[in-house]
Amino acid sequence: FETEIVGDTANHEVVGKHGEKATVQVSIADAKPEDYDALLIPGGFSPDHLRGDAEGRYGTFAKYFTKNDVPTFAICHGPLVLI
């Protein structure tokens, strides 16, 4: 499997609370849930930001996985996106 990071803007660097850096590979506007075999929502503060998306794009994206019995994983605060 390959891992892709989906976020607000493709090619944008994000920084975790402990200084970890990662680059968003696919923007949420371009991400198609049917292209993925599983979903992992990390913990920490990220899920709070994701669920605060004014357009609800992350919740809609995640809903596809749960409605279609695609493996869905959420750590710590990750389930906030699923509610």
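Asp-48 and Arg-51 are three residues apart in helix H1 (residues 46-51), so about one helical turn separates them. Their side chains form a salt bridge, with the closest N and O atoms 3.0 Å apart. A salt bridge here is a side-chain nitrogen of Lys or Arg within 4 Å of a carboxyl oxygen of Asp or Glu. Asp-48 is partly exposed, with a relative accessible area of 40%, and Arg-51 is partly exposed at 49%. Buried means under 20% relative accessible area, exposed means over 50%, and partly exposed lies in between (1.4 Å probe, protein chains only). Accessible areas come from the Shrake-Rupley method with a 1.4 Å probe, and for residues only the protein chains shown count as cover.

The model is predicted: local features need pLDDT of at least 70, side-chain atom pairs count only at pLDDT 80 or more, and totals for chains, interfaces and linings use all residues. Residues are numbered from 1 along each chain as its sequence is written, and side-chain values use heavy atoms, with hydrogens and water left out.

## The salt-bridge network

The count comes to three salt bridges. Asp-8, Asp-53 and Arg-57 are linked in a network of them. Between Asp-53 and Arg-57 the N to O distance is 2.8 Å. Between Asp-8 and Arg-57 the closest N and O atoms are 3.9 Å apart. Asp-8 lies in the loop between E1 and strand E2 (13-15) and Arg-57 in helix H2 (residues 57-67), so this pair ties together parts that are 49 residues apart in sequence.

Asp-8 counts as exposed at 51% relative accessibility, Arg-57 is partly exposed at 24%, and Asp-53 is buried, with a relative accessible area of 15%.

## The chain as a whole

The secondary structure comes to three helices and six strands. Helices (H or I, at least four residues) and strands (E, at least two) are DSSP runs, numbered from the N terminus. Along the sequence their pattern is β-β-β-β-β-α-α-β-α.

The C-alpha trace spans about 35 × 25 × 25 Å along its principal axes. A compact globule of 83 residues would have a radius of gyration near 12 Å, and the chain agrees with this at 12 Å. The radius is taken over C-alpha atoms, and the globule rule is 2.2 Å times the number of residues to the power 0.38.

## A buried residue in helix H3

Of the 83 residues, 24% count as buried. Val-81 is buried, with a relative accessible area of 9%, and is found in helix H3 (residues 79-82). Val-81 and Gly-52 are 29 residues apart in sequence and 9.0 Å apart in space, C-alpha to C-alpha.

## Patches on the surface

Leu-40, Phe-73 and Ile-75 form a nonpolar surface patch with about 310 Å² of accessible area together. Leu-40 is in strand E5 (residues 39-41) and counts as exposed at 53% relative accessibility. Patches are made of residues with over 30% relative accessible area and no salt bridge; like charges are joined within 9 Å, and nonpolar side chains (Val, Leu, Ile, Met, Phe, Trp, Tyr) within 5 Å.

Glu-2, Glu-4, Glu-34 and Asp-35 gather in a surface patch of negative charge. Lys and Arg count as positive and Asp and Glu as negative, while His and the chain ends are not counted. The place of a charge is taken as NZ of Lys, CZ of Arg, CG of Asp or CD of Glu. Glu-2 lies in the segment before strand E1 (6-7) and counts as exposed at 78% relative accessibility.
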